[in-house]
Amino acid sequence: MAPSLTLSKPISETSLIKLKLSDQSQNSLVFSKCLSFSRHGFSDFRPGMTKIKFKTCHVAKNSYQTESPTETQSTLIFDVPVLSCSEAIERLRTSQKAQKSKQQYRAMYSSVFGGITTDPAAMVIPMDDHMVHRGHGVFDTAAVMDGYLYELDQHLDRFLGSATMAKIKLPFNRESIRSILIQTVCASKCRKGSLRYWLSAGPGDFQLSPSGCHQSSLYAIVIEDQSPPDYKGIKVVTSSIPIKPPQFAVMKSVNYLPNALSKMEAEENGAYVAIWLDFDGFIAEGPNMNVAFVTKENELLMPKFDKILSGCTAKRVLVLAEGLLREGKIKGIRVEDVTGDEGKKANEMMLLGSGVLVRPVIQWDEQIIGDGKEGPVAEALLNLILEDMKSGPPTVRVPVPY
């Protein structure tokens with residue numbers, strides 16, 4: 001069926017658009033290349049502007065798309081306004097208010113403007129920052145729990161290690177960066193959430209080389225997530241998206257396209273995440289978490305970190321698990337190569353990360369893990385992590401001076 005159009009003036013008077021109806025199977029519209037499109041649909045049209053509302057089917061289809069074309073309604077705007085800075089910020093603020101999200105951004109630091117803002121409309125970075133258009137940046141995170149930053153120093157050490165591997169020079173020394181991060185959380189007044197921070201090659205130009213960047217940049221943002229925690233058992237699948245080579249997998253860079261595609265693949269198959277196998281066929285990691293198992297011999301088993309990201313939560317779990325070993329709740333702790341077959345035959349499987357903490361896995365592909373229920377070791381490790389976040393030693397809990 002050809003597209004149905006509602007025009008604010010006759011099509012014969014519109015020189016900017018040519019409607020091609022001869023090939024109904026393609027359902028195609030041919031536009032002049034000077035057209036611009038508005039995603040947000042601001043409706044303050046001035047005289048002389050042409051607005052076309054239409055219903056049409058998708059005409060571009062990727063090779064993996066097999067579903068029927070979806071009917072959508074769009075608005076085309078042929079006259080794009082030139083906005084002042086204040087007008088652009090106001091429209092950004094309006095757009096943000098229209099978005100419904102359980103994540104609230106409480107404060108942001110930027111070395112570009114040299115300070116902290118609590119206005120979400122000002123939480124922006126330059127388009128010519130090489131982290132944006134070249135992916136030349138690294139990041140890390142830390143949980144905020146009851147007014148304390150959990151494992152800040154452990155994450156910060158990994159952060160600076162990633163920057164070294166990415167050849168990003170530090171704009172400040174370690175203690176200054178640490179102080180900036182704590183002050184940003186303090187300004188946010190957030191007592192339970194997460195802190196995320198980035199180092200980039202910096203703004204300067206749109207070239208490939210960072211030689212034109214004036215200085216590397218540090219950004220940090222405090223996120224308050226109002227989603228309720230969920231520790232129920234989940235399903236995972238094996239990822240068909242290739243894992244990153246070890247050189248890139250061991251650093252926490254902003255290149256998360258494989259991770260995002262892996263997560264999407266899982267969701268398309270009714271699973272929580274997809275699990276990567278490395279190039280030798282051993283179990284590697286999830287898209288943003290590590291994995292661990294409890295063997296038939298009741299040993300805690302975790303893949304080695306030599307080809308994957310060294311998870312701070314996973315390493316903390318290894319330390320806390322020593323208490324379970326002393327209590328006789330597990331019989332051993334091993335970090336070594338794990339085959340997919342070993343993993344699927346384990347009594348328990350779990351995901352480990354600062355976002356999920358300890359999340360039981362009850363099914364991998366078509367294989368039920370253990371008895372198909374959340375296991376006692378995963379539950380015990382989750383309780384240990386939660387207790388550690390609330391009352392652990394000063395080495396893992398940094399107070400925020402609100």
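Entry 1, surface patch. I take a patch to be made of residues with over 30% relative accessible area and no salt bridge, nonpolar side chains being joined within 5 Å. The model I am reading is a predicted one. I looked for a nonpolar patch on its surface and found one formed by Ile125, Met127, Val132 and Phe206. Together these residues have about 380 Å² of accessible area.

I then located Val132, which lies in helix 2, residues 130-133. Val132 has 38% relative accessibility, so I record it as partly exposed.

I checked the extent of helix 7, which runs over residues 312-326 and has 15 residues. From its first C-alpha to its last it reaches 22 Å, close to the 21 Å expected at 1.5 Å a residue. I noted a bend in helix 7 of about 25 degrees, placed at Val319.

Which residues of helix 7 are buried? I list Cys312, Thr313, Ala314, Arg316, Val317, Leu318, Leu320, Ala321, Gly323 and Leu324. I also looked just past the end of helix 7, where Gly328 takes a positive phi of about 80 degrees.

I found Asn288 in the loop between strand 14 (273-275) and strand 15 (290-294). Is Asn288 buried or exposed? Its relative accessibility is 51%, and the cut-off for exposed is over 50%; Asn288 therefore counts as exposed.

Finally, I compared Asn288 with Tyr256. The two are 32 residues apart in sequence, and their C-alpha atoms are 9.2 Å apart in space.

Definitions and conventions
Residues numbered from 1 in each chain as written. Predicted model: local features only at pLDDT ≥ 70, side-chain atom pairs only at ≥ 80, totals over all residues. Heavy atoms only, no water. Helix = DSSP H or I, 4+ residues; strand = E, 2+ residues; numbered from the N terminus. Expected span 1.5 Å × (residues − 1). Bend = angle between axes of the 7 residues up to and from the residue. Buried < 20%, exposed > 50% of the residue type's maximum accessible area, 1.4 Å probe, protein only. Patch = residues over 30% accessible without salt bridge, like charges linked within 9 Å, V, L, I, M, F, W, Y side chains within 5 Å. Areas by Shrake-Rupley, 256 points an atom, 1.4 Å probe, with all protein chains shown as cover. Salt bridge = Lys/Arg side-chain N within 4 Å of Asp/Glu carboxyl O.
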